[in-house]
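Let's take a walk through this structure together. Have a look at it here before we start.

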Amino acid sequence: MAGIVQFENVGLRYGTGAETLSDLSFSLAQGSFYFLTGPSGAGKTSLLKMLYLSQRPSRGSIRLFGEDVVQLRRARLPGFRRRIGVVFQDFRLIPHLSAYDNIALPLRIAGVDERDLVTPVREMLAWVGLADRASARPPTLSGGEQQRVAIARAVIGRPEILVADEPTGNVDPDMAARLLHLFDALNTLGTTIIVATHDIHLLSRVASANVMRLDRGQISDPTGALRYPPVGPNEAYA
Amino acid sequence: MLGASQADRRLLPEGRLAGPMPWVIAIMMFLTALAAAGGLAMGDAAHRLGGDLGRQVTVQIVAADPGVRDREAGAAQRDLAHEDGVESVRRLGADEMQALLRPWLGDAGLDRDLPLPVMIDVDLTAAGRQRLDRIASAVTAVAPHARIDDHASWLAPLVGLIRSLGLLAGGIVAMMIGATAAAVVLAARTALNTHRQTIDVMHMMGSTDVQVARLFQRRIALDALFGAVIGLIGAIAVILGIGRRLGEIGSGLVGSVTLPWTAWVALLALPIFAGLLALGVARVTVQRALASTL
């Protein structure tokens, strides 16, 4: 299976301080499910930021979908970002938009016709249990409801990679199980899933999941899922 | 051209986007329209003074003997009527002469025995203006007491002054356009900072800079258009008021300062120009600001 994500000697330093992440080298297989664990401050969010192209590394090489994204021209970033769904830790919903409009946002940005997005948005609202809250604005939603809207927004565009930062942190266990089931279903359809979490109970909920552990800016590979060295050119992502 | 769909427009909250910018633009549009109206009226006046009045001359027959005066006036009129380049010749009547002198001498000073020169208004064609020296020589040959008063010679400094004022008005308009653009830049930057979170989210969803810029350029252009229309309405009210006052003065020179219809069209187009200017400046400002982000 080709590597959809390839990190090679990646380091990240904010300002002039010590490196937050050091010498990260791994390759994630297309269509796999990964949990990213580690204590607070280990660098999970920083790693995810580089994955969803919100942060360039200080050194090293990152390849997504077979292309080096570190040197990528800025004008090409939107095309890559549309292939990546993101669930932010702080949700980042647009407060003056309804739940419906927040979920529809990626489709509208991608230029989907208004008539064509009604059904998928309604289905997604129903899936996350918010069909009756379509017109509610985020400030009127509970933390768990906001999180579900954020997840629905991240997955509605059927991304090739889904990056989720603590996606179940504000929902009850039942809803957490449902959301993981959604991620698993997306994974079955071919989406590569990377979920950062503190919750070690989640790790056993997805049978096919691999675990990556970050500690003090270094990554370990307890399940042997991170292939290193990265795949060669003739095995590149297609 | 504004570019954002109705759904996209909702990405920014309802209401005015750029704080006091519409009112700043209203004030600037008010001043711009006044300056532009002044400049356009001055330009028109300078053109007409340099054209129509500049082709007028007055022939004065200054002879103490009334017989000589009348004889030379008749000879001058006949000669002028046959000269090439002379459009019209008209001798001022006694009543017109007295009307001219009344402001200075009053009714009591208008003595019938007061020796007044004969005045003949002559309108020249453009070609006649070129051969004024030869016309003057021909007139003085038949009327030795004739003096030729060339209106262009005393109008020239006035026309120069009016043209300078017109250029000054043009300079003020140019500075106002610059100030308007600067106000839009500040408003766009403020709006960007205010809505930074929305922009970040849009970027992470794959939005291009052009898509983000469209949201802001449309709203800022509409805000600018709103302010510009308010400012123009105020300016038109002032222009009409000044026009009425000038009309009441009844002076030929002051009355020559009028606003042609083309100037009115230009003034009415100013808000559209302001809106388009705001659109372009906002687009460039937003795109430049976004270019510095990832």
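Helices (H or I, at least four residues) and strands (E, at least two) are DSSP runs, numbered from the N terminus, and two strands pair if DSSP finds at least two bridges between them. This is a predicted model, where local features need pLDDT of at least 70, side-chain atom pairs count only at pLDDT 80 or more, and totals for chains, interfaces and linings use all residues. Residues are numbered from 1 along each chain as its sequence is written, while chains are lettered from A and ligands numbered from 1 in the order in which they are written.

Start with chain A, at strand 1 (residues 3-13) and strand 2 (residues 19-29), which run antiparallel and are joined by seven bridges. The two make a hairpin, with five residues between them. In that turn, Gly15(A) has a positive phi of about 65°. Along the pair, Phe7(A) sits opposite Phe26(A) of strand 2.

Now zoom out. Chain A has six helices and ten strands. Its radius of gyration (taken over C-alpha atoms) is 18 Å, close to the 18 Å that the globule rule (2.2 Å times the number of residues to the power 0.38) gives for 238 residues, so chain A is as compact as a globular protein of that length. Its C-alpha atoms fill a box of roughly 50 × 40 × 40 Å along the principal axes.

Then there's chain B. Where the chains are in contact (C-beta atoms, placed from the backbone, within 7 Å), chain B gives 16 residues and chain A gives 18. On chain B's side, the largest share, five residues, comes from helix 8.

Key
Two residues are in contact if their C-beta atoms, placed from the backbone, lie within 7 Å.
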